[in-house]
Amino acid sequence: MKKFAWLIAWLCVFSFNSAWASAQLDTSIKELQHAWAQANYKTAEKEQEAAFKALAEQARQVTAANPGRAEPMIWEAIILSGYAKAKGGLGALKVVEQARDLLLAAEKINPLALDGSAYTTLGSLYYKVPRWPLGFGDKKKARAYLEKSLQINPNGIDPNYFYADFLLEQGEYAKATDYFRKALNAPPRPGREDADEGRRADIRAGLQQAEKKS
């Protein structure tokens, strides 16, 4: 009986610690999300590189503090992608390679984490990064990843936006228009109003281009 009671006590402590760690991670992820929205949509272009660089270090620390969890790896990759965009030039290619590697590792841990956001971000990287010999860009992989993200989260604002943006780049204007409209009508994300506001501005700009060309 003593051994059984000890086991129950140990399980209770383990459960409490796991719940506490999960709550801490959720808080850290929300902080990264809001900081990303601030850096991406509310920060002057000339100041974005420094903002994303500092945020990338913060994200790295969250990832290191939560080994084996896909969520912080995905957000670190998203932030690194923003840093690469703000940085520009050949130096940005090493940063996006880091982002890609984080996403591929996160996919192996939990491909469904954050509603398949690893696939959404991988898809966006593969169509935005230059092709070999400069980078790892690959339109076929981009399409496959983006379509996979839509299978997981068919009504999400980001999967529909990035797929629409990819289709616009590929000259598939009518189809892009459909997905931009679907993204615009995506349900709001509670707690992410700042990101939704900025993303809808992106969507409207893309939709205007697609409608003009379709």
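Start with Lys87. Lys87 is partly exposed, at 34% relative accessible area; by that term I mean from 20% to 50%, with buried under 20% and exposed over 50%, using a 1.4 Å probe and protein chains only. Glu49 is partly exposed too, at 31%. Their side chains form a salt bridge, 3.8 Å from N to O. The cut-off is a side-chain nitrogen of Lys or Arg within 4 Å of a carboxyl oxygen of Asp or Glu. Lys87 sits in helix 3 and Glu49 in helix 2, residues 45–65, so the bridge ties together parts 38 residues apart in sequence. Helices here are DSSP runs of H or I, at least four residues, numbered from the N terminus.

A word on the source. This is a predicted model, where local features need pLDDT of at least 70, side-chain atom pairs count only at pLDDT 80 or more, and totals for chains, interfaces and linings use all residues. Numbering runs from 1 along each chain as its sequence is written, and side-chain values use heavy atoms, without hydrogens or water.

Next, Arg189. Asp158 bridges to Arg189 at 3.1 Å between the closest N and O atoms. Asp158 is in helix 7, and Arg189 is in the loop between helix 8 and helix 9. Both are buried. Asp196 also bridges to Arg189, at 2.7 Å, and Asp196 is buried at 2%. What else joins the network with Asp158, Arg189 and Asp196? Arg199 and Asp202 do. The whole structure has 11 salt bridges.

Last, contacts, meaning heavy atoms within 4.5 Å. Phe180 touches several residues beyond four places in sequence, including Tyr161, Leu168 and Ile203.

Conventions:
Helices (H or I, at least four residues) and strands (E, at least two) are DSSP runs, numbered from the N terminus.
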